[in-house]
Amino acid sequence: MGGSPMVRLAKTICVLWLSLILLTPAYADVQVQALRMWPAPESTRVVMDLSGPADYHVFTLDNPPRVVVDLKRARLTRPVSGMSYERSLLRDIRTAVRDGGGLRVVLDMRDNVRPESFVLPPNQGYGHRLVIDLHPQRTRTVARQVPTRPPAQNRDIIVAIDAGHGGEDPGAIGPSGTYEKDVVLAIARALQQLVDREPGMRALMIRDGDYYISLRERVERARAGRADLFISVHADAFHDQRARGSSVFVLSDRGASSEAAKWLAKRENAADLVGGVRLDDKDDLLASVLLDLSQSASLEASTEVAQRVLEGLKRAGTVRKRQVEHAGFAVLRSPDIPSILVETAFISNPEEERKLRDARQQRALAQAMMDGIRAYFMRNPPPDTLWAQRGRRHVIAQGETLSVIAQRYSVSLDNLRQANGLNGDLVQVGDVLRIPYAGGG
């Protein structure tokens, strides 16, 4: 039954052959509709817009250095033109038709690079894409380390300012076509000017151009720059265009606990925590306790600075919620840097989209955030900074009394009077008080 062994073998081979054909992805002819490039300070991204999924192969050549991208059954619909290679790792992009109906794209490099490639599915703004990230080859084996903060005195307070999205990632898109990545970069630059103008403060821009940085890399750059505060600037979006207002987020407890597990898992690669406490030479229990203490302090500080920034935003305009919110945003997951995320407005709201494009509103939002940052560091100056050496300051607001201020900063009323040369308790709105430390200094 079923024929001879040879017949059965032939049938089996035929079935396997048909199965392989059915299981092998069938790539239709693909159109490369456009090539785009996004130069960043430490890398360059090349993006190919495709009409559908593509079968491709990437490899490098030397003398001169090149990155070659071969796409099977593909053709270019328009020539590559109008690109400026001035700030990129590339010298030129060339294309050629390959035998058999394929396309070859040659990236002429200034130096040897390490390419990373991946495909992205269609989303709200783009169709199928092939992405090639080009990294300088010299960084391939260099492990990123975060140096221990030196014991120098009178240093500047460092504020890391992270403009969300960038490059290939436009973020939310407003009804009139405004990109989130553009308006938040403008707001971040306005905040940078205010921070740098403040004596004893210095801004660290995580992104200062139209290029993409991964969420993890944003956190690592803040830690490498020894930031005292990380503030990520975004613009919200919602399907209901009536949604409006600013909001401020800190990391949720669940996000904090999951991130702690990741840090413990790779603690042999962690250079340090704040204060130079290393994890790599500690046992599991002690490392867990040290990280928990650092993270608890960071979350507490994040909540306080977030509340201060939210108060500034309330004075600048509408807020969505009148309290700090909690979420698991990846950019908030540094275990040792107070970190907040500000949704400046709803770009999906036509009125707020228009305001976000206005330079005056951008400066007003930046000023609101700066007011909160200043108020936080007046009360909590890092001990090795100029702000700590010259003492804290407090600007008297409506309804505040000298006794209330003394209680808030945990100092005696007598010390507060003495530090400011006061004989009584009379103060006026707008007066600036020097806040001594509990010991009277």
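Me: How many bridges join strand β1 to β5, and do they run parallel or antiparallel?
Reply: In this predicted model, strand β1, which covers residues 30-39, is joined to β5 by 3 bridges, and the two strands run parallel.

Me: Which residue in β5 is the bridge partner of Gln31?
Reply: The bridge partner of Gln31 in β5 is Arg75.

Me: And what holds strands together in general?
Reply: Strands of a sheet pair through backbone hydrogen bonds, and the pairing can be either parallel or antiparallel.

Me: What is the order of the strands in the open sheet?
Reply: The open sheet is formed by 5 strands in the order β5-β1-β2-β9-β8, and its pairing is mixed. Its edge strands are β5 (74-76) and β8 (113-120), each of which pairs on one side only. On average, neighbouring strands of this sheet are turned by 30 degrees against each other, with direction ignored.

Me: New topic: is Ala327 buried or exposed?
Reply: Ala327, which has its place in strand β14 (residues 325-327), counts as buried because its relative accessible area is 17%, and buried means under 20%.

Me: What is Ala327 in contact with?
Reply: Leaving aside neighbours within four places in sequence, Ala327 is in contact with Phe249, Val250, Leu251 and Ser252. Ala327 and Val250 are 77 residues apart along the chain, and their C-alpha atoms are separated by 6.4 Å.

Me: Last one, how many helices and strands are in the protein chain?
Reply: The protein chain has 10 helices and 17 strands, and buried residues make up 45% of its 441 residues.

Notes. Residues are numbered from 1 along each chain as its sequence is written. This is a predicted model: local features need pLDDT of at least 70, side-chain atom pairs count only at pLDDT 80 or more; totals for chains, interfaces and linings use all residues. Side-chain values use heavy atoms; hydrogens and water are left out. Helices (H or I, at least four residues) and strands (E, at least two) are DSSP runs, numbered from the N terminus. Buried means under 20% relative accessible area, exposed over 50%, partly exposed in between (1.4 Å probe, protein chains only). Two strands pair if DSSP finds at least two bridges between them. Axes are lines fitted to C-alpha atoms, for helices over the stretch in contact, and angles run from 0 to 180 degrees between N-to-C directions. Contact means heavy atoms within 4.5 Å.
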